[in-house]
Amino acid sequence: MSLDRFYPIFDSVDWLERMLPLGVKLVQLRIKDVGETELRPIVAQAQALCRRHGAVLVVNDHWRVAIDSGCDWLHLGQEDLDIADLPAIRRAGLKLGISTHDHAELDRALALSPDYVALGPVWPTILKQMKWHQQGLERVTEWKRLIGDLPLVAIGGLRPERAAPAFEAGADIVSVVTDITLNDTPEDRVRHWIEATR
Ligand SMILES: Cc1ncc(COP(=O)(O)OP(=O)(O)O)c(N)n1
Ligand SMILES: Cc1nc(C(=O)O)sc1CCOP(=O)(O)O
Ligand SMILES: [Mg+2]
């Protein structure tokens, strides 16, 4: 199954309710500072919504909840990998996306046979403080050469006009947060994104 090229990330079911009807087909639920008990019903709602709209749901960080909820996809960063039970994740049949920022992280990720690799921040991001300088498009090209057929997700500072250069550099998928969530008209922005990536 090939993943959609547009991969927005949201932090609530409310966002999914607004955006899935517009045609989003790949989406990440990235909720921070919420305990597993509180998160379980939220993930169940997100699963139901994604099923109804024929979208792939990726759960960020919360691997236990993803396993227990019968999710299909999980995204883990390097620090998440330190504490995650990878064999349990694989036994549950979860597909796995992994964040990478340098060669050591990429080597670690590839050794785990991920289902996609994310590289970031390709451009500067305002979402969170990162120790990584912007990677730039040459790095995207290098990553694609190193990972071959594995899907490459470009993240960090993406805007619709940056999708085409990211694809040309070798990204298969573009992932985005604040360009949508801080936009004055997020629905219009998502329509624009869908046009720019299909
Ligand atoms: C598609 C995608 N790429 C990268 C990340 C970042 O994951 P991580 O480094 O674990 O940071 P948090 O998002 O958990 O703060 C991601 N979530 N999705
Ligand atoms: C969550 C995340 N991870 C990154 C990484 O480089 O691993 S960059 C990032 C934030 C992306 O947000 P925006 O589209 O608003 O820049
Ligand atoms: Mg994480």
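The questions and answers below go through a predicted model of one protein.

Biologist: How many helices and strands are in the protein?
Modeller: The model is predicted, and its helices and strands are counted along the chain. The protein has 10 helices and 8 strands.

Biologist: What is the radius of gyration of the protein, and what does the globule rule give for 198 residues?
Modeller: The C-alpha trace spans about 40 × 40 × 35 Å along its principal axes. For 198 residues the globule rule gives 16 Å, and the protein comes close to that, so it is as compact as a globular protein of that length. The radius of gyration is 16 Å.

Biologist: What share of the contacts with a separation of 6 or more joins residues 24 or more positions apart?
Modeller: Contacts here are pairs of residues whose C-beta atoms lie within 7 Å. Among those with a separation of 6 or more, the share from residues 24 or more positions apart is 48%.

Biologist: What should helix 10 span at 1.5 Å a residue?
Modeller: Helix 10 covers residues 186-197, which is 12 residues.

Biologist: Which residues of helix 10 are buried, and on the same side or on opposite sides?
Modeller: The buried ones are Arg-189, Val-190 and Trp-193. They cover an arc of only 100 degrees around the axis, which means that they lie on the same side of helix 10. In an α-helix there are 3.6 residues a turn, so residues three or four places apart point the same way.

Biologist: How many of the 6 residues of strand 5 are buried?
Modeller: Strand 5, residues 95-100, runs parallel to strand 4 (residues 73-76), with 4 bridges between them. Strand 5 also pairs in the parallel sense with strand 6 (residues 116-119), over 4 bridges. Strand 5 is mostly covered, and the number of its residues that are buried is 5.

Biologist: Which residue in strand 6 is the bridge partner of Gly-97?
Modeller: Val-153 touches both Gly-97 and Tyr-116, among others. Val-153 is also one of the residues that touch the most other members of the largest nonpolar core, which has 54 residues. The bridge partner of Gly-97 is Tyr-116.

Terms used: Residues are numbered from 1 along each chain as its sequence is written. Chains are lettered from A and ligands numbered from 1 in the order in which they are written. This is a predicted model: local features need pLDDT of at least 70, side-chain atom pairs count only at pLDDT 80 or more; totals for chains, interfaces and linings use all residues. Helices (H or I, at least four residues) and strands (E, at least two) are DSSP runs, numbered from the N terminus. The radius of gyration is taken over C-alpha atoms; the globule rule is 2.2 Å times the number of residues to the power 0.38. Two residues are in contact if their C-beta atoms, placed from the backbone, lie within 7 Å. The expected span of a helix is 1.5 Å times one less than its number of residues. A residue is buried if 20 or more other C-beta atoms lie within 10 Å of its own, exposed if 12 or fewer, and partly exposed in between; C-beta atoms are placed from the backbone. The arc is that of the directions from the helix axis to the C-beta atoms. A nonpolar core is a set of buried Ala, Val, Leu, Ile, Met, Phe, Trp, Tyr and Cys residues joined through C-beta atoms within 7 Å. Two strands pair if DSSP finds at least two bridges between them.
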